[in-house]
Amino acid sequence: MKKGRPLVFIVSSVLLSLAFYLWNPFGAAADANRVIAIGVLMVALWLTESLPMAVVALLPLVLFPLLGIAPLDTTATSFANPVIFLFMGGFMIGLAIEKWNLHRRIALNIVRLTGTSGNRIVLGFILATGGISMWLSNTATTMMMFPIALSVIQVLDEQKPEGRMDHFALTMMLAIALASNFGGIATIIGTPPNVAYAAYMQKKYGAGPGFFNWMMLCMPLAIVLLLLLYVVMVKWLYPNGLKASVQTSGVIQGELAKLGNMTVAEKRVLGVFALTAFLWITKDLINKTGAVKIDDNMIAIGGAILLFALPSGKGTALLEWSDTRNMAWGILLLFGGGIALAGALERAGLIEQLGAWFAQFAGNGLLLVLLVTLISVFLSEVMSNVAQVIVFAPVVSALADALHVNPYLLGIPMTLAASCASMLPMGTPPNAIVFASGYIKLHQMTRVGLVMNLISIFLITLFCWYVLPLVM
């Protein structure tokens, strides 16, 4: 970024906020107008990325008490929302999986099983990346798969195979980014927007979407999107025609050989992960026994604590506190700031008014779900998907309340669509990572992304309209 640009964006954001405050375009009361001005400031700073997103999220801790919107103790409670601890536990489990290379073993074995022709390699990377992204952040998943994909591309390029090597490299890079995005929607902890939405629902209604119910709806959707991504790229837009290669198979086998046999640490991390996932899935059945009362947040933190307690067999615990230096603490602050902003907007009555105003244009219910999904997908191409969910979760919830429909019917499609940005490098961090490889031209990403955006809009709308009422 050029020198001076961040300062220009910061000053512009402050001026825009002041303009909204002085102009008061919505004719809001004085206290509500102050909340609007702060909301405009935070959204502008998020959009321009002139300050780190986590730093912007801290503004309510200063501005709310300063301007008399809410006392500090009230504002600070948003940063201890129970769902934030769900993501913290998920982060820590993900760190342990990465620390002991369990993720590489899983990914390489999936690719080995799918085969080594051009199409099968792409399919293998889609399945491996999508599967891992269901449990790790999409950014971490992309960073992990990126060097493996580059090594496969380079080996094939050295062999000068018959077929379109440029198409193969392009689809490999896009497969990693888009499969990370699509795989992440399958679980609540798979991508930050899911957690942001669950945190908001927990705070507003006292109960968020259950881990198992979310999987029942979203995992089939994610799998369909992953398979259609394969069809769109290698069967339609960019077929490569590369045949199976002994050299490529050698690279995969070589990487697996470097890992050696599964270590004690890997087995124990896998055991903790399996136990955590099992408890998430069976939580409702356990609670019905009346013996204990557990929730998703407790299970995630319990799994993380277990990692710090169990030995790795190498003189250390599976996870040590120094490992958490690599954890995305900023995301947790971002959730807290977003929840604080949403709470202030709601207390000021602004969200309810906006939802009531939008309701007059609602029309047909299915059409409304389609409209929410459409706007969310294309808005996420230019806006941080976490910030987007933080800003719009209160809006769609208020709209659902005004229409007397289940808030999940609008909130979940908005949230899922926010993770499906596929057209532009700035849409999601995975998009930016693979675009930097040099194998992708902007028009190629836009072409694949537009098709996948339209497919995502169609599928999310249908799943949420027809399947969501059956599971939630």
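Buried means under 20% relative accessible area, exposed over 50%, and partly exposed in between (1.4 Å probe, protein chains only). Helices are DSSP runs of H or I, at least four residues long, and strands are E runs of at least two, numbered from the N terminus.

This is a predicted model: local features need pLDDT of at least 70, side-chain atom pairs count only at pLDDT 80 or more, and totals for chains, interfaces and linings use all residues. Residues are numbered from 1 along each chain as its sequence is written, and side-chain values use heavy atoms, with hydrogens and water left out.

**Whole chain.** Select everything in cartoon. You get 22 helices and zero strands. The radius of gyration, over C-alpha atoms, is 23 Å, close to the 23 Å of the globule rule (2.2 Å times the number of residues to the power 0.38) for 472 residues, so the protein is as compact as a globular protein of that length. Along the principal axes, the C-alpha atoms fill a box of roughly 70 × 55 × 50 Å.

**Burial.** Colour by accessibility next. Buried residues are 56% of the 472. Now show contacts (heavy atoms within 4.5 Å). Of those between residues at least 6 apart in sequence, 78% join residues at least 24 apart.

**Helix 20.** Select 408-418. How many of its eleven residues are buried? Eleven of eleven: helix 20 is mostly covered.
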